[in-house]
Amino acid sequence: MNKATCIIIALSALISGTFAVCAPGFSQVGDKCYTVPGLPQRYDFWSSNELCSVAKSNLFHVETLTQWEELNAFLVGLGYTDTYWTGVAAEGHPGLWVVRSTGYELNPAAVEFKAGAPSNSATNLCLAIEYQTELGRYQWVDYPCTDTYVIVCEPRVCLAPNAKF
């Protein structure tokens, strides 16, 4: 995203009183924007990252419990109850969950793990969200990165001039 586009987005957000101005094909969910490209196509974790990248976006992550609750409700509302990749993977060793698009560690207070998850095994190095029928909602789980799931992308944020994606 170039500097002029970032300024226009920021001004639009200021004028409208919201900080999510979604591009065509993305849905506003709280203060973020999301798209579920190719539903119900399924991809491994690495291919999912590449597909989001083509749309100038990243696999989703959440920073607060409110963001998670809003996204959870949005996905349940789609009526498609499959497993989705998140933009979070183990870095360095199992159990150190890092948001790939930011390099920051996942805030465990912002997510809701399924009972017994994460397993923190050496083979389950990527996080996904899985629909729990008995709860009527999604919860976070860890799976092998080679498994194939649906993807949720969020647009990249405006970065400093020398930042790299």
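1. Of the 22 residues in the largest nonpolar core, those touching the most other members are Phe60, Val62, Leu75, Tyr84, Ile129 and Trp140. A nonpolar core is here a set of buried Ala, Val, Leu, Ile, Met, Phe, Trp, Tyr and Cys residues joined through side-chain atoms within 4.5 Å, where buried means under 20% relative accessible area, exposed over 50%, and partly exposed in between, with a 1.4 Å probe and protein chains only. Two or more residues of this core come from each of H3, E4, strand E5 (97-99), E6 and E7; helices (H or I, at least four residues) and strands (E, at least two) are DSSP runs, numbered from the N terminus. Apart from this core lies another, of 14 residues, including Ala89, Cys126, Val141 and Cys153.

2. Please keep in mind that this is a predicted model, in which local features need pLDDT of at least 70 and side-chain atom pairs count only at pLDDT 80 or more, while totals for chains, interfaces and linings use all residues. Residues are numbered from 1 along each chain as its sequence is written, and side-chain values use heavy atoms, with hydrogens and water left out.

3. Helix H3 (residues 65-78) has 14 residues, which should span 20 Å at 1.5 Å a residue, and this agrees with the 20 Å between its end C-alpha atoms; the expected span is 1.5 Å times one less than the number of residues. After H3 comes Gly79, whose phi is positive, near 75°.

4. Which residues of H3 are buried? They are Gln67, Trp68, Leu71, Asn72 and Leu75, and they lie on the same side of H3 because they cover an arc of only 130° around the axis, the arc being that of the directions from the helix axis to the C-beta atoms. An α-helix has 3.6 residues a turn, so residues three or four places apart point the same way. The face turned away from the buried side carries the exposed residues Thr66, Ala73 and Gly77.

5. Among the elements covering the buried residues of H3 are strand E4 (84-90), strand E6 (126-132) and strand E7 (137-143). Leaving aside neighbours within four places in sequence, Leu75 is in contact (heavy atoms within 4.5 Å) with Val36, Tyr80, Tyr84, Ile129, Tyr138 and Val152.

6. Strand E7 holds Val141, which is buried with a relative accessible area of 4%. Val141 and Glu130 are eleven residues apart in sequence, yet 6.8 Å apart in space, C-alpha to C-alpha.
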